[in-house]
Amino acid sequence: MPTKPSDDQIRFEADSLQYARDTELVTATGNVVLRREEQTVRVDAIVWNRKTGVIEASGNIRFVDESGNVLYTDKVELTDALKAGAIEDMLVVLRGGGRLAARQGKRDDKGNLLLDNAVYSGCDIEDGDGCPKSPSWEITAVKVTFDVAKKRVYYKGATLRLFGLPLLSLPGLSHRSGGRASSGLLIPDFRLSASNGAEVAGTYYWRLDENRDLSITTSVFTAALPMVSGRFRQLTSSGAYQLAGYVTQSGRINAVTIGDTGVARNQIRGYFEANGRFQLSENWSLTGYGRYASDRTFLRRYDISRENRLRSTINLERIDADSYFSLAGWAAQTLRAGDQQGLVPIALPALDYRRRLDMPGIGGKLELEINSLAISRSSGQDTQRAFARAQWDRRFITGLGQEITLTGLLRSDVYHSSRNDLTSNAVYRGTTGWQGRGIATAAIDVKWPLIGSLLGGTQVLTPRFQIVATPRVRNLAIPNEDSRAIELETSNLFSLNRFPGYDRIEDGARFTYGLDWQVTRPGWRVFTTIGQSYRLTNQQSLLPDGTGLATRRSDIVGRTQIRFRDIVQLTHRFRLDKDSFALRRNELDATVGNHRTYVEVGYLRLNRNIATAFEELRDREELRLAGRVAFAKYWSLFGSGVLNLTPRNADPTNASSGFNLLRHRLGVAYTDDCLDLGFTWRRDYVTTGDAQKGNSFQLTLSLRNLGGR
């Protein structure tokens, strides 16, 4: 019985084998393969001297080491342990990506490669058609050492070259060979802005462990003091979280209104954020994120974010097939000029529990809900509420194909509020103290899909009719915290309650009618919907003028979506005045092109004619443009802009004159398989505090398969 070869023996195969007994030379030719442990050598021919243990390999050599790195050359000397000696004209393809090439070098007894006058690049050396191409970036070095045990490449006298031109000296450069992140300095960012002058931001990245890392960035400015920022990330057995922060000292202006340029006061400023999610068990999870800025213009001045509100929340959830539980808390920090932070609510706790049950005998589903919320303000009204809801829904299909849904809803509310006089809008205040109410709703919803052929495709025409009845509800005695920004649109046309949230209920009886039409054919999809509602009662509506729901007959709302393959995507939403057919809402979002060359257009005009007391429902007109044009295979031009078209008579609270460019961005980018290079020019047209209007320029450079040093 043959014995199994030990791991330290060389096993080989070849088309032809010769053995000279007197000289103890073994010659193998034709598809020669040598294997030892995890190493493999494929070659055209070898001569093995059994006396000295030297193996001379020649012709199309492909040597794979224990880590999966591949060495290509035409001639090399190996030991009988498959350790290479001197090598000439070699190419090393690292397992994690990237290539090393050198005129000469050697492989020592530990398997390390010692290369002279070497070149490294993370780029492919062939294009998609198999033709050779020059790498867009490469690192040249006097000496390179590849430590196979540490899986790290060390350079001496390294220089980064971009498109063949020397760009940056990199003394002491090293990186991992496995393609994974490693500790070291990252390529710096360069920026020029009106607020801070020229900026150079350098980052040091620490790979603390396989599941956590830390990066520290120092930003140096010519017109401001330096800023330090950091980000820590960790992956645990149950989830992941990250922490980030920024700190500096600079002149701060307490912005009261947009355009404010008061006197700057030098002080410590910064920003902190944290987020994470943990799956505690199959059903339980904990999610949270928190954000806080030292002042209202810090994020905008240092180009970290352009948001005008920072939200923070924590949410404990349990989800299974038939129930949902949430215990959450919410807080927000306003960054809008002129807003009072003391009037921004804190919601804690926010409790919601729902359970869905089958209904034997009568069929359908019964959903039970318990909800509680406490809202507090440091300088405003405080409100607490709790309610219990039971809603039954039964859906069935008739013999003629109509889809009918029956709904019955019962709800009981209790509210408590205090300091109501601090709410400026009397419609939102409610009555101080304890208040209660009961709600009952019944509804029937009928859809009748009619299917046929059209233009070589399929069309579905679906008339829809709904009746909803709710007895008169106490509304004005109840504080309104979550039902303020109401407007009729297709998304809420057939809702049981068109108010968002829970604090306001649309009572009375009404019927709603509409039509859906969909056409599908190869490459094309068109969907459009239109509808209107009619209230059967004459009682005065709680809904203000301009919402589309103030009178018995509502405005007409519609939405159209057109898609042609992945080239054209268009969505149009509208609301027509029921009497004059004037456009009260006109919104268009369109994208034409592919992922490399495209144009995006977004237009919004809200012509509600609503009283200025309803601050959540201001009139507005805005145009958004963005696009990218690809050329010369790897290059592209891109740009975007936002224009405020709101005239002064449409919104007296808006400083726009009817045509104000808020900001724009233009740039050029180069992207291939291993390099991302971009130059961006952005201009802001509005000054807020110390976030000055003006030009900003940014240069970005990303090299793939290159870690830190």
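Predicted model: local features only at pLDDT ≥ 70, side-chain atom pairs only at ≥ 80, totals over all residues.
1. In which strand is the place of Pro 349? Pro 349 belongs to strand β25, which covers residues 346-358.

2. Start with the overall make-up. The protein has 2 helices and 42 strands. Its radius of gyration is 35 Å, well over the 27 Å that the globule rule gives for 709 residues, so the protein is more spread out than a compact globule. The C-alpha trace spans about 115 × 75 × 50 Å along its principal axes.

3. Next, surface and interior. The accessible surface of the protein is about 36700 Å², and carbon and sulfur atoms account for 55% of that surface. Of the 709 residues, 40% are buried. Among contacts between residues at least 6 apart in sequence, 47% join residues that are at least 24 apart.

4. The largest nonpolar core holds 49 residues, and those touching the most other members are Leu 34, Trp 137, Ile 139, Tyr 155 and Leu 675. Strand β10, residues 137-147, gives the most to this core, with 5 residues. A second, separate core has 10 residues, among them Met 227, Ala 293, Phe 298 and Tyr 302.

5. Leaving aside residues up to four places away in sequence, Ile 139 touches Ala 118, Val 119 and Tyr 120, among others. Its contacts also include Tyr 155, Ala 158, Thr 159 and Leu 160. Further along the chain, Leu 170, Leu 173 and Leu 706 are on the list too.

6. How many disulfides does a search of the whole structure find? The search finds 1. The disulfide is formed by Cys 123 and Cys 674, with their sulfur atoms 1.8 Å apart. The angle about the S-S bond is 75°, and the link is right-handed. Cys 123 sits in the loop between β9 (113-121) and β10, while Cys 674 sits in the loop between β40 (660-671) and β41 (675-684), so the pair ties together parts 551 residues apart in sequence. Both Cys 123 and Cys 674 are buried. A disulfide is a covalent bond between the sulfur atoms of two cysteines.

7. Strand β31, residues 457-470, has several pairings to trace. β31 runs antiparallel to strand β29 (residues 433-447), and 6 bridges join the two.

8. Gly 452 stands opposite Gln 459 in β31. β30 and β31 form a hairpin with 2 residues between them. Leu 455 is in the turn of this hairpin and has a positive phi of about 55°, although Leu 455 is not a glycine. Is Leu 455 buried or exposed? Leu 455 has a relative accessibility of 65%, so it counts as exposed.

9. Asn 117 is another non-glycine residue with a positive phi, here near 50°. Asn 117 is placed in strand β9. Its relative accessibility is 53%, and because the cut-off for exposed is over 50%, Asn 117 counts as exposed.

10. Ser 229 lies in strand β19, residues 227-235, and Ser 16 lies in strand β2, residues 16-20. Ser 229 has a relative accessible area of 11%, and since buried means under 20%, Ser 229 is buried. Ser 16 is at 32% relative accessibility, so it counts as partly exposed.

11. Ser 229 touches Ser 215, Ile 216, Thr 217, Gly 245 and Tyr 246. Ser 16 touches Thr 27, Ala 28 and Thr 29. Ser 16 and Tyr 154 are 138 residues apart along the chain, and 41 Å separates their C-alpha atoms.

Terms used:
Residues numbered from 1 in each chain as written. Heavy atoms only, no water. Helix = DSSP H or I, 4+ residues; strand = E, 2+ residues; numbered from the N terminus. Buried < 20%, exposed > 50% of the residue type's maximum accessible area, 1.4 Å probe, protein only. Contact = heavy atoms within 4.5 Å. Pairing = 2+ DSSP bridges. Core = buried A, V, L, I, M, F, W, Y, C linked by side-chain atoms within 4.5 Å. Disulfide = S-S within 2.5 Å. Rg over C-alpha atoms; globule rule 2.2 N^0.38 Å. Areas by Shrake-Rupley, 256 points an atom, 1.4 Å probe, with all protein chains shown as cover.
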